[in-house]
Amino acid sequence: MLDLARLRALHAVSVHGTIGAAAEALGYTASAVSQQIAKLERETRTTLLERRGRGVALTEEAVRLVDAAQELLAIVERAETDLEERRGVPAGRLTVVAFASAARGLLPGVLADLAHRHPALDARLSEVEPHLSVDLVAKGAADLAVAHDWDIAPLPAPPGVEQAVIGDDLCDLLVPSGHALAGRAAVRREELRGERWISQPPGRVCHDWLLRTMRAVGSEPDIVHRAEENPTLIALVAAGLGIAVIPRLGRGPLPAGVTAVRLDPLPVRRLYALWRSGAARRPAIAEAVRVLREQWVPAAGGPPGGTC
């Protein structure tokens with residue numbers, strides 16, 4: 001008989017792409033995951049993973065086995081959901097994935113609240129990109145995702161995934177304090193033609209928003225510096241090297257030398273909680289979504305100056 005834990009390990013490698021990433025998601029060591037898959041290969045008398053450079057690839061037989069594993073894991077999830085629903089209290093493990101600023105600015109308080117109110121619930125957080133988090137939920141590798149979208153790029157919920165709005169995160173134009181726009185109450189986007197921009201790299205939603213927004217007013221933005229993390233972007237603004245649009249969530253107090261100015265119209269990104277339809281009745285999901293919404297106002301509120 002096939003061992004469910006070993007099938008779960010293979011499924012995690014399929015979802016996350018590497019043994020190391022699968023181990024991190026499962027809370028195991030890479031060696032433990034490798035051993036599980038080696039035992040599964042002996043049980044099935046089949047080669048399941050092939051070395052590809054520094055990574056691994058699933059064989060055709062492994063892909064078929066992963067499909068079966070996903071069906072079995074869905075059955076187990078339904079059974080666990082039924083039991084938790086009958087008990088009526090959040091319990092068991094809840095794996096949560098969230099993008100960086102939500103993981104920093106929203107989830108610590110949410111997780112602490114859940115731990116305090118529901119000691120039988122073991123909620124665990126991993127930081128991932130928004131587009132990846134939805135896929136992890138859809139494939140059963142995570143229970144709950146906190147993701148976001150902008151008006152230019154709506155967040156689609158794939159079949160079998162439900163979503164609820166958490167709230168709207170406001171975004172500000174950050175400029176060096178000595179910049180000509182620093183004293184303005186509001187700035188229209190057309191007034192930003194010819195500015196030197198600091199942005200996240202191509203492929204990130206914030207970068208795409210900047211390109212589309214400025215092109216819509218007849219300007220190709222001059223992106224002079226790129227960085228992944230918002231604190232780095234803000235530090236570059238503080239050094240007087242350009243301007244940037246940064247969401248408020250998780251931003252923290254702005255350093256000396258940086259001023260937040262309101263853009264008109266105001267850029268907004270919307271945050272969502274997403275979970276599989278099969279787990280919708282699970283008390284842990286309902287309670288986590290409730291606490292996310294409850295804590296949203298103090299997490300995202302505050303003046304444009306960056307005291308949020």
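## Close-up views of the predicted model

View 1. Glu228 counts as partly exposed, at 43% relative accessibility (buried means under 20% relative accessible area, exposed over 50% and partly exposed in between, with a 1.4 Å probe and protein chains only). Glu228 lies in the loop between β9 (222-226) and α9, and Arg204 in the loop between β8 and α8, so the pair ties together parts that are 24 residues apart in sequence. Helices (H or I, at least four residues) and strands (E, at least two) are DSSP runs, numbered from the N terminus. Elsewhere, salt bridges that share partners join Asp113, Arg117, Glu287, Arg290 and Glu294 into one network.

The model is predicted: local features need pLDDT of at least 70, side-chain atom pairs count only at pLDDT 80 or more, and totals for chains, interfaces and linings use all residues. Residues are numbered from 1 along each chain as its sequence is written, and side-chain values use heavy atoms, with hydrogens and water left out.

**View 2. The whole chain, for orientation.** The protein chain has ten helices and twelve strands. Its C-alpha trace spans about 70 × 50 × 30 Å along the principal axes. Of its 308 residues, 47% count as buried. The salt-bridge count is 23.

View 3. Asp169 pairs with Arg269, and their closest N and O atoms are 2.9 Å apart. This pair links distant parts of the chain: Asp169 sits in strand β6 (residues 161-176) and Arg269 in strand β12 (residues 268-276), 100 residues apart. Which side of the burial cut-off does Asp169 fall on, buried or exposed? Asp169 is buried, with a relative accessible area of 0%. Arg269 counts as buried too, at 3%. Asp172 and Arg248 form a salt bridge through their side chains, at 2.9 Å from N to O. Asp172 lies in strand β6 and Arg248 in the loop between β10 and β11 (258-264), so this pair ties together parts that are 76 residues apart in sequence. Both Asp172 and Arg248 are buried.

**View 4. The largest pocket.** Its volume is about 1,000 Å³. A pocket is an open set of points on a 1 Å grid over the protein atoms alone, with protein on both sides within 12 Å along at least five of seven lines; lining residues have an atom within 4 Å of a point. Points are joined across faces, edges and corners, and the volume is the space filled by probe spheres set on them. The largest pocket is lined by 41 residues, and Arg8, Thr95, Gly140, Ala141 and Asp143 lie nearest its centre. Two or more lining residues come from each of α1 (4-16), α2 (19-26), α4 (60-87), β3 (92-98), β4 (121-127) and α7 (130-138). Helix α4 gives the most, with ten residues. By class, the lining has 19 nonpolar, nine polar and 13 charged residues (Ala, Val, Leu, Ile, Met, Phe, Trp, Tyr, Cys and Pro count as nonpolar, Asp, Glu, Lys and Arg as charged, the others, Gly among them, as polar).

**View 5. The second largest pocket.** This pocket has a volume of about 460 Å³. It is lined by 26 residues. Glu129, Pro130, His148, Arg204 and Val205 lie nearest its centre. The elements that give two or more residues to this lining are α5 (100-105), α7, β5 (144-150), α8 and α9. The lining divides into twelve nonpolar, six polar and eight charged residues.

**View 6. The largest cavity.** One cavity of 30 Å³ or more is counted (a cavity is a set of points where a 1.4 Å probe fits but cannot get out). The largest cavity has a volume of about 100 Å³. It is lined by 14 residues, with Ile198, Ser199, Gln200, Cys206 and Val245 nearest its centre. The elements that each give two or more residues to this lining are β8 (196-199), α8 (205-216), α9 (230-238) and β10 (244-247). The largest share, four residues, comes from α8. How many charged residues does the lining of the largest cavity have? There are no charged residues, and the lining divides into ten nonpolar and four polar.

Technical notes
Salt bridge = Lys/Arg side-chain N within 4 Å of Asp/Glu carboxyl O.
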